[in-house]
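Student: I would like to go through the side chains of this model with you. Could we start with rings and charges and then move to the surface?

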Amino acid sequence: IARLIERAGAVVIEPWLDRRFDLGVCGVAGGPLQPPHGLSTDARGGFSGIDLGPPPLSPAEAAQLAEIATRVSAALAAAGYAGPFGIDAFVHEDAGVRRLHPLCEINARHTFGHVARALGAARLGFGPPPPGATVVVAPAPDDPVTAWTLPSPPAAPGA
């Protein structure tokens, strides 16, 4: 820890939280927000994709997340930033009580949530593609990463 502090100057220590699912919100600073989306993670918590289906938030959690995303958008605009951004959040369990951690990261750039929406995908993932997926980045000898999409389901008649 001493070497890490020496190298980085500071560290942030947070308690372990029993995460249930991760999610995010994309927008443009000072502008409109997209609906929340799911963030897929691997067994170690590393990012592995986007699911644009609505995450299983309660109405109170959805309202809290929207309030935080709106405040982040306004703060970025007030600081002079005019571009795309995304926030990451997660739901966890604390002594048997479900809780929303509405802001764990601000990404002042295009995020994969923006990319998934731009591609018209329901899901954007990295790793072995599931059946029915379209590979958008194939693995190469020097880079084994595969990126894939699954299409959005067709719109209901009259929608």
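Student: Which residue has its charged end over the ring of Phe90?

Tutor: Keep in mind that this is a predicted model. A charge counts as sitting over a ring when CZ of Arg is within 6 Å of the ring centre and within 35 degrees of the ring normal. Here the charged end lies 3.8 Å from the centre of the Phe90 ring, and the residue that supplies it is Arg19.

Student: Thanks! Now the rings themselves: how many aromatic pairs does the structure hold?

Tutor: Rings pair if their centres lie within 6.5 Å. By that rule, the number of aromatic pairs in the structure is three.

Student: Is the pair of Phe47 and Phe112 stacked or edge-to-face?

Tutor: Good one to work out from the angle. Planes under 30 degrees apart count as stacked, and those over 60 as edge-to-face. The centres of Phe47 and Phe112 are 5.6 Å apart with 15 degrees between the planes, so the pair is stacked.

Student: How many residues apart in sequence are the parts that this pair ties together?

Tutor: Look at where each partner lies: Phe47 is in strand 3, which covers residues 47-51, and Phe112 belongs to helix 3. Because the partners lie in these two elements, their pair ties together parts of the chain whose separation in sequence is 65 residues.

Student: And what kind of pair do Phe47 and Phe126 make?

Tutor: Phe126 lies in strand 6 (residues 121-126), so its pair with Phe47 ties together parts 79 residues apart in sequence. The ring centres are 5.9 Å apart. With the planes at 50 degrees, the pair is tilted.

Student: Which residues do these ring pairs link into a cluster?

Tutor: Phe47 pairs with Phe112 and also with Phe126. The cluster linked by ring pairs is therefore Phe47, Phe112 and Phe126.

Student: Is Phe126 buried, partly exposed or exposed?

Tutor: Buried means under 20% relative accessible area and exposed means over 50%. Phe126 has 26%, which makes it partly exposed.

Student: Which element gives the largest share of the nonpolar patch on the surface?

Tutor: The patch is formed by Phe47, Phe112, Val115, Leu119, Val136 and Val137, with about 480 Å² of accessible area together. Helix 3 (112-119) and strand 7 (134-137) each supply at least two of its residues. The largest share, three residues, comes from helix 3.

Key
Residues are numbered from 1 along each chain as its sequence is written. This is a predicted model: local features need pLDDT of at least 70, side-chain atom pairs count only at pLDDT 80 or more; totals for chains, interfaces and linings use all residues. Side-chain values use heavy atoms; hydrogens and water are left out. Patches are made of residues with over 30% relative accessible area and no salt bridge: like charges are joined within 9 Å, nonpolar side chains (Val, Leu, Ile, Met, Phe, Trp, Tyr) within 5 Å. Accessible areas come from the Shrake-Rupley method with a 1.4 Å probe; for residues, only the protein chains shown count as cover. A salt bridge is a side-chain nitrogen of Lys or Arg within 4 Å of a carboxyl oxygen of Asp or Glu. Helices (H or I, at least four residues) and strands (E, at least two) are DSSP runs, numbered from the N terminus. Rings of Phe, Tyr and Trp (its six-membered ring) pair if their centres lie within 6.5 Å; planes under 30 degrees apart count as stacked, over 60 as edge-to-face and the rest as tilted. Buried means under 20% relative accessible area, exposed over 50%, partly exposed in between (1.4 Å probe, protein chains only).
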